[in-house]
Amino acid sequence: MPPQTRIDTSRPHPARVYDYMLGGKDHYPVDQELGERLPAFLRTAARQNRAFMRRAVAQAARSGIRQFLDIGTGIPTEPNLHQIAQGVDARARVVYADYDPIVLRHAEALLVSAPEGATDYIQADVREPDGILDHARSFLDFQQPVALSLIALLHFVVDAEDPYGIVGTLVAALPSGSRLILSHASLERFPDSTAELASTYASRISSQSRTREEVARFFDGLDLVAPGVVTAPEWHQDGDDAAAPEPEQSAVYVGVARKP
Ligand SMILES: C[S@@+](CC[C@H](N)C(=O)[O-])C[C@H]1O[C@@H](n2cnc3c(N)ncnc32)[C@H](O)[C@@H]1O
């Protein structure tokens, strides 16, 4: 196998640790070992994050958006993004992108679209946004609004890799009326856990917590949709977040914005 499709089971990977935290089955002992050492609030955060994805995508679809570009897709966990979007309108078209070969291995599950719509998958790194855009342009109509979802992705892009520049490049390519749907892990409300997590998670997987203010900067130049940048359970809460009685304790900041 060429290197980019080889699954490395000797060290933990974000997609597989996240799968473990969501109660999935597509991870290896090395991922489980790390997942077991993480504090319970991060497991809650994974569920809160996934619930936000469902609500934000459904809202975008209800607002009339029929095209989605999802970067950092993760291992499929039903309902997947295209199932939510196509639940609103079966004609929705979705491009998925992730850099992890384990997601590629599951791409077939991501490609089962409603016959009226279409889904597509590309193995790609968000730190090379132009390549993703080139591919997406061949599948989506960039004259029409696109919802760009960067969900639980950008904490894997450290400041030295220019995450704000990457988001700027992606958003600049989208037409007016497009949406940015974004979530981001944050230890801002968990200062006592920061050092412990640095020695467990962050030492094994390159990642960076950001404050609410730093997460809000990703939306510069865009019109935030109410309620703005808040914790995941605070964003149009519904029954999905029953596991999180105290939204202020969440380790995930989220937001949705419209491109003017
Ligand atoms: C925590 S999972 C989130 C999955 C899904 N978006 C969700 O929120 O349910 C993060 C995903 O981002 C992917 N990822 C991390 N860094 C990436 C990069 N530089 N380029 C593309 N994907 C990346 C990982 O492989 C993983 O699948």
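**Exercise 1. Is alanine 152 buried or partly exposed, going by its relative accessibility?**

Before the solution, some ground rules. This is a predicted model, in which local features need pLDDT of at least 70 and side-chain atom pairs count only at pLDDT 80 or more, while totals for chains, interfaces and linings use all residues. Residues are numbered from 1 along each chain as its sequence is written, and side-chain values use heavy atoms, with hydrogens and water left out.

Solution. 
- Step 1: get the cut-offs. Buried means under 20% relative accessible area, exposed means over 50%, and partly exposed is in between (1.4 Å probe, protein chains only).
- Step 2: apply them. Alanine 152 has 18% relative accessibility, so it counts as buried.
- Step 3: check the backbone. Phi of alanine 152 is near 55 degrees, which is positive in a residue other than glycine.
- Step 4: Alanine 152 sits in the loop between β4 (147–151) and α8. Helices (H or I, at least four residues) and strands (E, at least two) are DSSP runs, numbered from the N terminus.

**Exercise 2. Work out how α1 and α2 pack.**

Solution. 
- Step 1: take the geometry. The axes of α1 and α2 are 9 Å apart, at an angle of about 60 degrees. Axes are lines fitted to C-alpha atoms, for helices over the stretch in contact, and angles run from 0 to 180 degrees between N-to-C directions.
- Step 2: classify. That angle makes α1 oblique to α2; under 35 degrees counts as roughly parallel, over 145 as roughly antiparallel, 65 to 115 as roughly perpendicular, and the rest as oblique.
- Step 3: list the contact (heavy atoms within 4.5 Å). Arg16, Val17 and Tyr20 of α1 meet Val30, Asp31, Gln32, Leu34, Gly35 and Glu36 of α2.
- Step 4: sort them. The contact of α1 with α2 has 4 nonpolar, 2 polar and 3 charged residues. Here Ala, Val, Leu, Ile, Met, Phe, Trp, Tyr, Cys and Pro count as nonpolar, Asp, Glu, Lys and Arg as charged, and the others, Gly among them, as polar.

**Exercise 3. Find the buried side of α2.**

Solution. 
- Step 1: Val30, Asp31, Leu34 and Gly35 are buried in helix α2 (residues 29–37).
- Step 2: they cover an arc of only 135 degrees around the axis, so they lie on the same side of α2. The arc is that of the directions from the helix axis to the C-beta atoms.
- Step 3: the cover over these residues includes α1 (14–21), α3 (40–62) and α10 (201–204).

**Exercise 4. Classify the pair α7 and α8.**

Solution. 
- Step 1: the axes of α7 (residues 129–137) and α8 (residues 163–172) come within 10 Å and cross at roughly 20 degrees.
- Step 2: α7 and α8 are therefore roughly parallel to each other.
- Step 3: Pro129, Asp130 and Leu133 in α7 touch Ile166, Thr169 and Leu170 in α8. This contact divides into 4 nonpolar, 1 polar and 1 charged.
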